[in-house]
Amino acid sequence: MPRKINKPIFIVGSPRSGTSILAWCLGQHPNIFPVPESNWMGEFAVNIASSYQIGTARDNRTILSAMDISRDEFFANFGQTINDLILAHRKALERKRDLEGTLKRKHSTSEQKARWVDGTPEYSLHIHGLRKLFPGALFIHIVRDVESVVRSMLNFHRVAGTQLVANEEATYKYWLRMVNACLKAEQAYGPRVIYRLQYSALIDNPEAAIRSLLDFVGEPYSAKCLEPLAQRINSSNVPVDFKSEDPATDPKIVEAARRLYAEIQQTPQPAEGSPAVADQLEAAFQEPYLRATRLQQELSDQIAKVKHYAAEIEQYKLQLARQEQHYTAEIGEYELQLARQERHYTAEIEQYKLQIARQQRDYTAEIEQYKLQVARQQRHYTAEIEVYQSQIARQEQHYTAEIEVYKSQIARLQRQLRDTRKLSRLLDNVEKAAKQLSNSRRWKLANVGAVIKAKLSRGKVPTGYDPLDKIVTAYSHWRVSHPEVANIHDEIKSAQFPNIPRVAPTEPESETIDPPNCDTANCAD
């Protein structure tokens, strides 16, 4: 049985660019039917690449290398199988669509359709992998102006109930990512593999757009392909007054998207593919499974290390087991020694306890004796202290009486001192008066004989009144012969005891000396 043709058609581009409506349009062709958005084939191609890398990692020791199964053959067989499965189960798909009323079709399900079209926008990022699965696959890149795409994506929740993107900036970034991936594929494979279609051309001149697309995919024109354009399929129902002007959006991203769309409008699609760009896509496609291979190699290295460490651990376990047995035996010996020492020291401790008990009793008895001795000594010393206290009291009374006697004697001496001072001052005044009298001119005139006698004796005979001169002369001789009279007060003070209150000295009474009677013959000037 001949194999079915393996030339699927993929509509790529940014979401909300018309991928769904265009897939439905082509799906009305007598030889093409639309399939739901699959989303799995791109990652499946990456997984196949990883599987092939594993299957050829050890050269002829692995099945794919040993059987000379090339990478392209490996991929193509999986793609052929997918194609056959989709074509074989087409009737089941059409039957479910009839039940759901997805689209009213005017043709019978019995039509033999050999091709299928998939409008998954995310396949914009997997064009290279899909070409490996389906070498004859064709791609249609539909481009819509970025502003309309952003408005439609931001309002997609009105159709699906969920947000397609988080915010306006994420929408612009999404559009740039998808469109740049499709433009890269255009450069790599050229217009024979990927065809660029403006969304505005499909809306403004649908017949011409459909004719050009059918020519590209190698199918004759069919007017049925225009029927879905009369309906609103998967529309976001964007309000007329909706404005997508989020102030949080980066203006640079918006400008980059607008500039790219303007370049697409002005620049035609490359006429030929670029092998260099195709190689870049191949390298980017291989990067995931090469990275997986590196990770697998690292994992193998780590597993080898783990095994090595596990062997070392087992050795350590054996060593630990031997050491454990050795130490267990030593511990047993130490335990026996400890038990013997414990019994020995327990016996010694009991002996020490008995000795301590005996000593405690002995010391307790001694302490009681010492307490009795201390009590007796305390009573003895208490009696002696009382005797000493009574003696001190008697001595205090005796010395207090003696102090009183000393105080009375000092007081009497102080009175005598005052009287002596009075007498001394009186005699001093008498001496001064005698000198004044002897020097008086009136006295000299009255006692001419005495003056002449004094001069003749050259001062040996006084010129004053003889009795008075005698008294003064006697007093002067007494003062010279008794110098201690001047210090008698200090001696009295030094004789006082420190604890005896100091007796304030009484001031000497002021004395006045009556002047001689001027009526007498001895009256001076």
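The model is predicted, so local features need pLDDT of at least 70 and side-chain atom pairs count only at pLDDT 80 or more, while totals for chains, interfaces and linings use all residues. Residues are numbered from 1 along each chain as its sequence is written, and side-chain values use heavy atoms, with hydrogens and water left out.

Helices (H or I, at least four residues) and strands (E, at least two) are DSSP runs numbered from the N terminus. Strands of a sheet pair through backbone hydrogen bonds, either parallel or antiparallel. Here five strands form an open sheet with parallel pairing, in the order 2-3-1-4-5; two strands count as paired if DSSP finds at least two bridges between them. Strand 2 and strand 5 (194-198) each have a single partner strand, so one side of each lacks a neighbour in the sheet. From one strand to the next the twist averages 25°. Four parallel bridges link strand 2 to strand 3 (residues 115-118), and Ile32 stands opposite Arg115 in strand 3. Helix 9 packs on this sheet, touching strand 1, strand 4 (138-143) and strand 5, and its direction makes about 130° with that of strand 5. Axes are lines fitted to C-alpha atoms, for helices over the stretch in contact, and angles run from 0 to 180 degrees between N-to-C directions.

A helix pair comes next. The axes of helix 1 (residues 19-27) and helix 11 (residues 206-217) come within 11 Å and cross at roughly 70°. Helix 1 is therefore roughly perpendicular to helix 11, a term covering 65 to 115 degrees, whereas angles under 35 count as roughly parallel, over 145 as roughly antiparallel and the rest as oblique. Leu22, Cys25 and Leu26 of helix 1 meet Ile210, Leu213 and Leu214 of helix 11, contact meaning heavy atoms within 4.5 Å.

A nonpolar core is a set of buried Ala, Val, Leu, Ile, Met, Phe, Trp, Tyr and Cys residues joined through side-chain atoms within 4.5 Å. Buried means under 20% relative accessible area, exposed over 50%, and partly exposed in between (1.4 Å probe, protein chains only). The largest such core has 35 residues, and those with the most contacts inside it include Phe10, Met41 and Trp116. Helix 2 gives the most to this core, with six residues. Apart from it lies another core of 21 residues, among them Ile9 and Leu213.

Finally, Thr62 is found in the loop between helix 2 and helix 3 (63-66). At 8% relative accessibility, Thr62 counts as buried.
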